[in-house]
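User: Could you take a close look at one helix for me and walk me through what surrounds it? Please tie it back to the rest of the fold as you go.

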Amino acid sequence: MKYNRTYNFSAGPATMPEEVLEEIRDEMMNYKGSGMCVMEMSHRSKVYQQIIDEAEQDIRDLMSIPDNYKVLFLQGGATLQFSMIPMNLMKNGKAVYIETGAWSKKAIAEAKKVGEVIVAASSKDKNYTYIPDCSDLDIPEDTDYVYICENETIHGVTWNKLPNTKGHVLVSDQSSMFLSKPCNVSDYGVIYGGVQKNIGPAGLAIVIIREDLIRDDLTDLPVYLQYSTHAGAGSMYNTPNCWAIYVCGKVFKYLKKIGGLEAMEKINIEKAKIFYDFLDESKMFVGTVVPEDRSLMNIPFVTGDKDLDAEVIAYTKAAGFENLKGHKSVGGLRASVYNAMPKDGVIALVECLKKFEAEHK
């Protein structure tokens, strides 16, 4: 059956692989002979235990996650991690943060409620349009960790070279670039991300944390906010987001099927190049990020005129392209071209924008 589906360039919740959606549809009423939908299923059942176990193993395979890292499926989205990270990792009460956009800025605000935050580098001076040089940061010896948002969804900048943490633990919010390319997990102490951009439905965060960072001495911290609680219970201290984990598991298998993260990165580079080449040639549209720090996932751009930007949004929507309006905090336009956005969708959008430009010379 063919469905009338739009090209959805939303920054999240975002488009998902049609192959995965069709498989979910086929299992909706009766998951593998269980007689029920996964949404109805007890999280304590053997059937569901197999679902979560396979999901964990598949993401371990995809990312080559070492055995001394735990994979946690947590509720609260990535935003809760803004608080859980400092609550769990601040032994000395001090952390270094790099400010590169809206999401690292929010993480900084939450961490300040827990302990001392040193903003060692920032690109605020140029409206977060670049990644600052972090090859020689001033990091106090008693710093508990160094924190980055590896891909800023709103401002469209990405880290192509990790900061020099001078031996300190690196924590990375990978929400909007999770599973978009290979990742050397051993470079990090903690990797986390909300899944609603590149992997599955909203309401779930995946946390990959090195075991030595999981503390059991946080007796004053509410039990649900301790990583040890979830690590010790296999992400099932309470009822998890069963449905989201199930869907993510389907996406993990899909990624393995197409060749893993190496294959996915190649596709993503190709898609982004199509759009960036258009921006670089256009006389109307301009990308807002310096070329060397451009995201493969989120592409903000502008015409330089707010009224014209609004015309573009209306024009593209009428042509079948959804969610190209920039975030309310920055305005302009933005195309999010996550893993599941087909190359044909990017080509079609570029053609539509070229047509708009030709009609508005």
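Analyst: Let's start with helix 6, whose buried residues are Cys242, Trp243, Ala244, Ile245, Tyr246, Val247, Cys248, Gly249, Lys250, Val251, Phe252 and Leu255. Buried here means under 20% relative accessible area, with exposed being over 50% and partly exposed in between (1.4 Å probe, protein chains only). That list covers 12 of the 16 residues, so helix 6 is largely enclosed by the rest of the structure.

Before going on, a word on the source: this is a predicted model, where local features need pLDDT of at least 70 and side-chain atom pairs count only at pLDDT 80 or more, while totals for chains, interfaces and linings use all residues. Residues are numbered from 1 along each chain as its sequence is written, and side-chain values use heavy atoms, with hydrogens and water left out.

Helix 6 runs over residues 242-257 and reaches 23 Å from its first C-alpha to its last, close to the 22 Å expected at 1.5 Å a residue. That expected span is 1.5 Å times one less than the number of residues. Helices (H or I, at least four residues) and strands (E, at least two) are DSSP runs, numbered from the N terminus. Just after helix 6, glycine 259 takes a positive phi of about 120 degrees.

So what covers the buried residues of helix 6? The cover includes helix 1 (18-27), helix 2 (46-63) and helix 7 (260-281), along with strand 2 and strand 8.

Strand 8 (residues 205-210) pairs with strand 7 (residues 190-194) in the antiparallel sense over five bridges, and alanine 205 in strand 8 is the bridge partner of glycine 194.

Axes are lines fitted to C-alpha atoms, for helices over the stretch in contact (heavy atoms within 4.5 Å), and angles run from 0 to 180 degrees between N-to-C directions.

There's a second open sheet, with three strands in the order 9-10-12 and antiparallel pairing. Its edge strands, strand 9 (286-287) and strand 12 (333-336), each pair on one side only. Strand 10 (residues 298-302) and strand 12 share four bridges, and isoleucine 299 has alanine 335 in strand 12 as its bridge partner. Lysine 328 lies in the loop between strand 11 (321-322) and strand 12, and at 80% relative accessibility this lysine 328 counts as exposed.

Zooming out, the chain has nine helices and 12 strands. Of its 361 residues, 54% count as buried. Residues 24 or more positions apart account for 69% of the chain's contacts with a separation of 6 or more. The C-alpha trace spans about 65 × 60 × 30 Å along its principal axes.

Definitions and conventions: Two strands pair if DSSP finds at least two bridges between them.
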